[in-house]
Amino acid sequence: MLLLFPLVVSALLFSIGVYGVLARRNAVLVLMGVELMLNAVNLNLVAFDTYLRDVVHSGQVLTLFVIAVAAAELGLGLAIVLMIFRSHQHIDIDRLRELSDSDAADEAIARDHQIWTGVAGGER
Amino acid sequence: MNPAWVIALPAVGALVVLGLGTRAATGWVGAAFGLVTWLAGLWVALPYVGSAESERHVLGEMATGVAPIEVALTVDGLAALLVLLATTVAFLVLLYSVSYLRDEPRRATYTALVLLFTTAMATVVLADDLFVLLVGWEVMGACSYFLIGHYWERPDARAGAVKAFLLTRLGDIGFLFGIFVLGTATGSWSIGAANESAASGAMSTSQATVAMLLVLCGVVGKSAQFPLHTWLPDAMPGPTPISALIHAATMVAAGVYLVARLDDVMAASPVARSVLAVIAAVTMLGAALFAVAQDDLKRVLAWSTVSQLAYMFAALAVGGYAAGVYHLLSHGAFKALLFLAAGSVAHAIGTTAMTEMGGLRRALPVTFWTMTVGFAALAGLPPVVGFFSKDAVLGVVSEEAFQHASWQGWLLLVSGLLTVVVTAAYSIRAWLLVFCGEARGARPQHEAPWSMRAPLVLLALASLAGGVLVLTPDLVDPLGRTEGELVHPVLAAVTTVVLLVTLLLTYAEWWRVDGLDPAERFGPTRRLLHRELGFDRAYDLGIALPTWALARTVVATDRDVVEPYVRGAGTGARWLGLGLRWLQRGNVQVYVTAVVAGGLLLGLGAGWLVP
Amino acid sequence: MDGYYASYAPVLAIVVAGVGLVASIFAANRLLAPRRQSPEKLLTYESGVDPIGEGWAQIHLRYYVFAYLYVIFAVDAVFLFPWATVFAGLGWTVVGEMAVFIGFIAVGLLYAWRKGVLTWT
Amino acid sequence: MSSWGSGLLDGLRVTWRNLTRRSVTAQYPDAMPVLPPRSRGVIALIEENCTVCMLCARECPAWCIYIDSHKEVVPPVEEGARERSRNVLDQFDIDFSLCMYCSICIEACPFDALHWSPEFEYAEYDIRDLTHDKDRLRDWMWTVPVPPALDPAAEEPKEVVAARKAADVKDTAPPGQEPKA
Amino acid sequence: MAEWVEVVLRVLVVIAAFLVLPLLVGQTEHKAMAHMQSRVGPMYAGGFHGWAQLVADGVKFAQKEDVVPAAADRTVFKLAPAVALLPYLVAFVAIPVGPGLVGQDLDLGLFFVLAVMSVGVLGSLMGGWASANKYSLLGGMRIAAQLMAYELPFVLAAVSPAMAAGTLSLTGIVEAWQWWWLLWQLPAMVVFFVAGLAELRRPPFDMPVADSEIVFGPYTEYTGLRFALFLLAEYAGIVLLSALTAVLFLGGWQGPFEGALGWLWTLVKTGVVAFVVIWARVAYPRLREDQLQSLAWKVLVPVALAQLALTTVVAVA
Amino acid sequence: MSAVEVLFALLGLVAVGSALLVVTTARLVHAALWLVVTLGALAGCYLLLAAEFVAWVQVLIYVGAVVVLLLFALMLTRAPTAAEAGTVTANRPLAAGLAVLVAAALVSSLVAGFRDVRIDLDDSVVGSAETTGEALFTSWVLPFEVLSVLLLAALVGAIVLSRSTRGGGR
């Protein structure tokens, strides 16, 4: 079989995953995009393992590790998403902007600055 | 039997105990595991006590970049003795703890940690490979951290735990590099290989020196020798049985054990031996002097441990392998006894401050008699075991001084004899303050229950009978590493006379002004000693304060010099930032898009540029 | 009937056959069954009471926690299978490796137990 | 703990014992069931006894009795007396798809117009057919069994006691005086 | 060419077994359960003791109207029964009945069966969600939670005989089986069986479909043939569980006259286990959801882990 | 093309097609179900690449567990049966462009690099449980043990996250 078969499938899956991560609004769907990308990597690993006839089976073993790590990672990610849902009642990524550069954020930074350096009063 | 059982059993016990939680049986289950471990220890160790044979069990092998790490255990004469010591003391401590911590809410973790501690010590003792030893060594450090901080509600316990952890860790860095040096020098991580290559001369003197100096860093930290000695007394807020465990058989003994284990490498490096001799000389006298001035019974004992460990190092520094090991064993017995007895006192009156004690002889007869034996051993009174072992140490030191006329020998001999005096003084002082005279503070409620008394009696018997070992030097030195006898009659007579004079003088002093603390005789020096010559303060002044000062300078420089520029840059940046601000919208996906696009550009660029 | 691919031929065949079977059952049903639909009949069934709101109800988070517990342990259990086939040949070292592995996870289980997560309240 | 395990075994034992015994199921359509006395199969109506007092319909918890009537004027019994009006039953339906066989209507009837019949085989294909009109209810009356005999030790029925008292009074009282029942 | 014929034949036999054996179990359940409750069960269909009752049921189901609620997600709703059923069919391929009498003897047959069975949970979850019904959704979630909770002891217990035999091939496990394994692997067998019961949502583990609480869980909205497929899946599951228990723990075709009657032994053992499944349904009351979860996590998982340790020690020593 | 190649091409097509649906469908649960199809097809691919064990692990873990987790999360965060409006952000055209670019870059470089390279599939199992197990427990012990620590950490993390909700917000 042409090595290109799995490689191209993997590349396409990866790009689709990229699209999913970038364009999806629902946080759970974004995580699905991540899963697609991870699976693309796994396919690559397995394909090269078979192609190279690796004695220590790096590809397959790493795939197992990736699957395990991905399961743990996804679980924690989803737990965080669920927490966000509890506090915000939605999980739209583009509406979660606590970390944006806003005036409120500026003030918080100034406050922290004061605490750390002991300088009374910011420049504002 | 595979020696791995001695390591595995307490580990399993720790898990079981942890699972039991705060049930009533927790302590007993722990003690049962202690007993089982002790039996396993007996089984494993007894055939090798006093035998020149050794047996190696390879459990597995791990490949590394250099030499493979062999997960291997070795039982030989030295290891067997220490296995016996460690498992016995651990069992007694566990038994003792059943009653001592009866009402303690955290006794599950406590018992589990004691068992884990035993596991770690057994690992250290049985390890054939330096890395395996290091694993035990570090687990022991972690356990001691937890146990010292057992009463973490108390600030002094927290501080003591952190201090112990940091200081021993400081030394362990050196130890780790020492292992690397040994490993690269011999091409193997095996302790036996290191000793062999040193003995055969394959290892150069400079390699041995570097390695041993680095290893000594770890040893000094673990065994609380100068200059890393300050953690041990501060570890006293931990539960008293733990002190017994740490001081007698495990943690601090590990340092001595390691030096004894690497005796051949040590012998290959005169420099390392000299360094060790200086450290031992300074530590033994200094620590003994500190012990004189303390008001807290456990602190007295702690300093005495430091001082006694220095004796062992003194012996090892002049090649007195047998004397060092003998003193290690003897000290293990009587120091465990002393601490457990101190615990019994504390259990009865609820404090360890000697200013609160006095006249406890009547109320606590068993504690009194056993602790008297302990103090006698500590002071080195014949015929208790301490007399013989100390005599053995002083014997090798004096041989070194007289026969080889080396400055190390003289230094150690003078320091050792002075320490004998001081040790006798603080022993009898503590004895007097605790048991004689008027009751000063709390009245004892009760003598300890049998599970606490039994270990005391057993250890006291061991201390009394331990002198017999002198008759069979092969037991402690089966390979005949040290020439010469363990008994030195002349020296023994001299020290005994000195000792008795000191005891009488101190007693007379106490008798003269009834019940006065003999330490008051030191006058203002006492306060200095009480503050332990201000080592802590010195460390603060010498290390912490400069660091703080540097930090403050940096802050000031930053604020007054750098800040205006920064502010100027900041103003400029703010204008820039206002322009860029719209990018910073908190939308993660926009950021990720940028990252992916950037990565893609880089990749494409690399593809283009690199043919 | 040997060789790797041949050994999976029946599996493939049964998947295809199964899909065909289910499809044909559904097709038969389509032909045989009557179709008389009314809005009443298509109403969501809530024990005879008219349904209120949509078919979604707030569901407790513990479902998720239990599922996650399983995922962790399933990942764990998966490694047991290759281990089961090789451990007898490779000896105690491999047993020790797996003991450490399981030990860690068991500590997790113990932690969950002690924290009361395993209690469905 | 031991009780927990033994409970498990008990469950298995009991079911196994039942499995090995003969089943007690009545093979109904093949063998008719033996009904106990006073079985509540269906409600029968004696139209003649009904005075359209509506007590039954009002007491019915399931609202399954439908009664309709009209008034008729009855000529005076004797000369000079007032005319009387009386209710005539037009419709008496019981909807057995609603009825819950509680027997309240039968207890409530002051004139013994309603009775239990043990007949139960009146299933229908159409639910509407389960509403029985007064003729059908009347027909059920023929299946109403004779009340079972009283226990030997039972109290005498009130009616009998009253009747006997009346008879005694009649026997002993001087003629011309009607006894009050 | 002959190979293809053989493949087709094997597949046909597997499908036939898949369709017939669950009916047998179902009929046995009808009758045994009735008698355990002092009833006689179905008596008419087919004449002799109602033997054709389930066939009649099937015909009835096929004629019933297929109702999809207006609020439901039609596609998912319709696909769910198939997703619930097919994994069991596929898993049947790897179950050996006798030496060589197997759909396909896979090298990692045990793992294959477990992996395929774990897909079935999706069917219930899909059905529960797609019905757009609160009871269904809750039931679906409960099923998924229950399946996941019990999958773990199930898998752990299944590893034990594989460890003992040193292979994952089901045929290999039967061949390595010795009679004393009955004792050695007893805890694993109990855990496996109990967890399997819970996986199938059989009473006493039928909380997620408890009719007195949440109607019929995820199957509430299902009618006709689709409902029947869910039922078929349940009974196929019983057969599969019983066969797996027989193969993993009871020694499959091992027994007297195993040369000629091996296949019969497997079937008999399977039948006995299936009967116990039915028996348990009659004998025990339903567990509450909290009891359900704590049984899995606090009893079965630790026991399974302990059994693993025991197996390891005995196998290596 | 051999049967294996045909099958692989088909499975690849299924995987890619359903993956596309995963990221485009407007119904949340459908996305998860399409993901099942993708993962299943990938498991088939692994089977064809003779990595037997990995394939069934993929089924057991991904299809049997991870997807259920995803479905749980979707159902806990309200997943209506009807199609939902606005499941994609305004970022979409940019994202699509980028994805296409990534695909083009990857595929073109892969084609350039491995144009005529063939995998030799000689009907032998590359990844049976035994071979994988041996590799895993002899050469990969350390990462394997580290993995257990990671799983423990993840477990504790999830428990902490789920418990902190009881105490009520910040």
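Modeller: Buried means under 20% relative accessible area, exposed over 50% and partly exposed in between, computed with a 1.4 Å probe and protein chains only. Helices (H or I, at least four residues) and strands (E, at least two) are DSSP runs, numbered from the N terminus. This is a predicted model, in which local features need pLDDT of at least 70 and side-chain atom pairs count only at pLDDT 80 or more, while totals for chains, interfaces and linings use all residues. Residues are numbered from 1 along each chain as its sequence is written, chains are lettered from A and ligands numbered from 1 in the order in which they are written, and side-chain values use heavy atoms, with hydrogens and water left out.

The part to look at is helix H21 of chain B, residues 489–512. The expected span of a helix is 1.5 Å times one less than its number of residues. For the 24 residues of H21(B) this gives 34 Å, and the end C-alpha atoms are 34 Å apart, which agrees. Its buried residues are B:Leu491, B:Ala492, B:Thr495, B:Thr496, B:Leu499, B:Thr502, B:Leu503, B:Thr506, B:Glu509 and B:Trp510. An α-helix has 3.6 residues a turn, so residues three or four places apart point the same way. Contact here means heavy atoms within 4.5 Å.

Two packed helices are described by the angle between their axes and the distance between the axes. Axes are lines fitted to C-alpha atoms, for helices over the stretch in contact, and angles run from 0 to 180 degrees between N-to-C directions. The axes of H1(B) (residues 4–20) and H2(B) (residues 26–45) come within 9 Å and cross at roughly 175 degrees. The two helices are therefore roughly antiparallel (over 145 degrees; under 35 is roughly parallel, 65 to 115 roughly perpendicular and the rest oblique). Residues of H1(B) in this contact include B:Val6, B:Leu9 and B:Pro10, and those of H2(B) include B:Phe33, B:Val36 and B:Thr37. By class, the contact has 12 nonpolar residues, five polar and no charged (Ala, Val, Leu, Ile, Met, Phe, Trp, Tyr, Cys and Pro count as nonpolar, Asp, Glu, Lys and Arg as charged, and the others, Gly among them, as polar).

After H3(F) comes F:Arg78, with a positive phi near 65 degrees.

Chain C has four helices and zero strands, and 49% of its 121 residues are buried. Chain D has five helices and five strands, and 24% of its 181 residues count as buried.
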